[in-house]
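This report goes through one structure, chain by chain and element by element. The sequence and the coordinates come before the text.

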Amino acid sequence: MPIPLLDIRNLTFTADRQVILDRLDLAIQPAEIHALLGANGSGKTTLAYVLMGCEGYQSSAGDVLFDGTKLLPLKTHERAKLGLTLAWQEPARFEGVSVREYLSLGKPDRDPEPALRQVGLDPDRYLSRRVDKALSGGERHRIELASVLAMKPKLAILDEPAAGIDMLSINHIIAVIRTLKSYGGSVLLITHQEEVVLIADRASQLCGGRIIYSGTPHAVVDHFRGRTCVRCDGEVCGYVRA
Amino acid sequence: MSELEELIRVLPMVGAEPAILDDTRIGHVVAHGHHVLSHRTVPGLRVELEETPDALVGKMFIEAGAQIAQPIHMCFGLAHPTGVQRIKIDLHVSEGAQAQVLSHCLFPFATAAEHRMQAMMNIGPGASLTYTEGHYHGPHGGMQVLPHATIKIGKGARYFSDFSLLSGSVGNLDIDYLVEVEEEGLAELSAKIFAHKNDQIMLKEAVILRGARSRSLIKTRVVLEDDARADITGITEAHAKGARGHVDCMEIVQGRAQASAIPIVRVFHPEAKVTHEAAIGSVDKKELETLMARGLAPEQAVELIVSGILR
């Protein structure tokens, strides 16, 4: 087996005495698209925040190796400098910050136009706009993806990247994910949308803070749909045999 | 260096080029204390200035229908550490006229100085005035600035103001503006201030929507650090059918700074509507973490968020 880009072992996170991530193990290989499925409250977004080092999301046990470096002691921007980034499910809005600036963060010489085109937005119309409340939810989501794309990360965690995107534009999202892979990057893809899951190389199902099933995207989608959850017997995630 | 040269030298601190005063197409007034150092009129603009021991008294008239293409520059200031400047000015924009005024208030060396402005502006029916006010009070925090104004906006007239104080220290700032808007008139007031050290800000802007379908926006952005204090009051009253107003105040507080925001909205007609939003606090955590997740260090992220808010 090749050395994983991301190697999560025994990761545990608790909040208000509740175990949200429970000794979670997960490995993602270089240039792998890995979809993560799970019911609301199963711990998907929490895993994303713990990996990114967000405030209030410090793990209580476990190890995470990212490209050979211990990730958990590092601050968010230090993790980003290693090549890890996160696209939030509800992206933040920035008053006064232009799309051009947002796509060139920390690298003013970077050309933001290709990334914007890749998400289906016309640079002439969008580069001078502000990343603020005037953008629709769908536009903001696409700009978030463009900013991830422009960064060319080693691993992008995309939390529901297709949320609020119209059906016709989902192809742009899929193209972005494939482009990230074509750069040699990996993607941890948190999503509920089957057409997005199916572009993954592998997938895992999360329940009660643990990976309960991993396999091909088809197999995980089938498991997600048609089987009683082996971990909680359907009591937590609601996945019960019909 | 002469007083005129001293004031011209710091024009870039408020985003203006010194060369504008040499341009014969651009009207201007430059005053040091109560003395006029330079002025020029352009077609459509009439200026009367009177130097008195107590104040500089000015009247500016923009003739009916005049479309003054280039902004008119008003540059007031003191080139000494101490002193008092009082300005009383009437600005009359006649029916159908259009003009932009760039007001520069420059006090680069102030350690214990005072600037008082008493302005009365009348924007005639269908006229439009854009009033951009840039202040620079130097690094010492020794300035007391009290701009007070009453602005009357006629039927179908438009008034846009943009106050900014983004470089150097504020000192003690006490702004009090009252704006009255007639039928189908529009008033948009924007203020952006970056305060540090022991700066004190009192900002009160009141808009009275008197006419039917009159509209207004009060937008305030203040960033405070160190021991700075700010009390922001945005008042909008709507008295007529179809009047619409909005008050939007955001203050970012860092260090030991303190801020208050008081939006006051009053509606006196069942078909009028006024809304408000106010936010005070530290830099938004999600914004900060998003930028850090793209590789910016925390201090770089804060700087970008703050500079964005003050644009």
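The expected span of a helix is 1.5 Å times one less than its number of residues. The structure discussed here is a predicted model.

## Chain A overall

Chain A has nine helices and ten strands. Its radius of gyration is 18 Å, close to the 18 Å that the globule rule gives for 242 residues, so chain A is as compact as a globular protein of that length. Along the principal axes, the C-alpha atoms of chain A fill a box of roughly 50 × 40 × 40 Å.

Of the 242 residues in chain A, 47% are buried. Among the contacts in chain A with a separation of 6 or more, 66% are between residues 24 or more positions apart.

## Helix α7 of chain A

Helix α7(A) covers residues 170–182. From the first C-alpha to the last, its 13 residues reach 18 Å, close to the 18 Å expected at 1.5 Å a residue. The buried residues of α7(A) are A:I173, A:V176, A:I177 and A:L180. They lie on the same side of α7(A), because the arc they cover around the axis is only 95 degrees.

Which exposed residues does the face of α7(A) turned away from its buried side carry? They are A:N171, A:R178 and A:S182. The cover over the buried residues of α7(A) includes the helices α4 (113–118), α6 (137–151) and α8 (194–197) of chain A. It also includes the strands β3 (33–38), β7 (155–159) and β8 (186–190) of chain A. Just after α7(A), A:G184 takes a positive phi of about 95 degrees.

## Helix α6 of chain A

Helix α6(A) is one of the elements that cover the buried residues of α7(A). The 15 residues of α6(A) should span 21 Å at 1.5 Å a residue, and this agrees with its end C-alpha atoms, which are 21 Å apart. α6(A) is mostly covered, with eleven of its 15 residues buried. These buried residues include A:H141, A:R142 and A:E144, along with A:I143, A:L145 and A:M151.

The buried residues of α6(A) are covered by elements that include β6 (84–87), α3 (99–102), α4, β7 and α7 of chain A. A:K152 follows α6(A) and has a positive phi, near 45 degrees.

## Sheet and hairpin in chain A

Strands of a sheet pair through backbone hydrogen bonds, either parallel or antiparallel. An open sheet of four strands in chain A has the order β2-β1-β4-β5, with antiparallel pairing. Its edge strands are β2 (18–28) and β5 (69–70) of chain A, each of which pairs on one side only. Within the sheet, strand β1 (residues 6–15) of chain A runs antiparallel to strand β4 (residues 61–66) of chain A, and five bridges join them. A:R9 has A:D63 in β4(A) as its bridge partner.

Strands β9 (residues 202–207) and β10 (residues 210–215) of chain A also pair in the antiparallel sense, over five bridges. A:S204 stands opposite A:S214 in β10(A). β9(A) and β10(A) form a hairpin with two residues between them, and A:G208 in the turn has a positive phi of about 55 degrees.

## The loop residue A:P73

A:P73 lies in the loop between β5 and α2 (76–82) of chain A. Is A:P73 buried or exposed? A:P73 counts as exposed, because it has 9 C-beta neighbours inside 10 Å, and the cut-off for an exposed residue is 12 or fewer. A:P73 and A:D7 are 66 residues apart in sequence, and their C-alpha atoms are 15 Å apart in space.

## Strand β16 of chain B

Strand β16(B) covers residues 229–238; seven of its ten residues are buried, so the strand is largely enclosed by the rest of the structure. β16(B) pairs in the parallel sense with strand β14 (residues 200–209) of chain B over ten bridges. Ten bridges also join β16(B) to strand β18 (residues 258–267) of chain B, again in parallel.

B:L203 stands opposite B:I232 in β16(B), and the bridge partner of B:I232 in β18(B) is B:A261.

## Contact between the chains

How many residues of chain B are in contact with chain A? There are 19, and they touch 20 residues of chain A. On the side of chain B that touches chain A, α2 (285–292) and α3 (298–309) of chain B each supply at least two residues. α2(B) gives the most to this side, with seven residues. By class, the side of chain B that touches chain A has nine nonpolar, three polar and seven charged residues.

How values were computed
Residues numbered from 1 in each chain as written. Chains lettered and ligands numbered in written order. Predicted model: local features only at pLDDT ≥ 70, side-chain atom pairs only at ≥ 80, totals over all residues. Buried ≥ 20, exposed ≤ 12 C-beta atoms within 10 Å, placed from the backbone. Arc of directions from axis to C-beta. Contact = placed C-beta atoms within 7 Å. Nonpolar A, V, L, I, M, F, W, Y, C, P; charged D, E, K, R; others polar. Rg over C-alpha atoms; globule rule 2.2 N^0.38 Å. Pairing = 2+ DSSP bridges.
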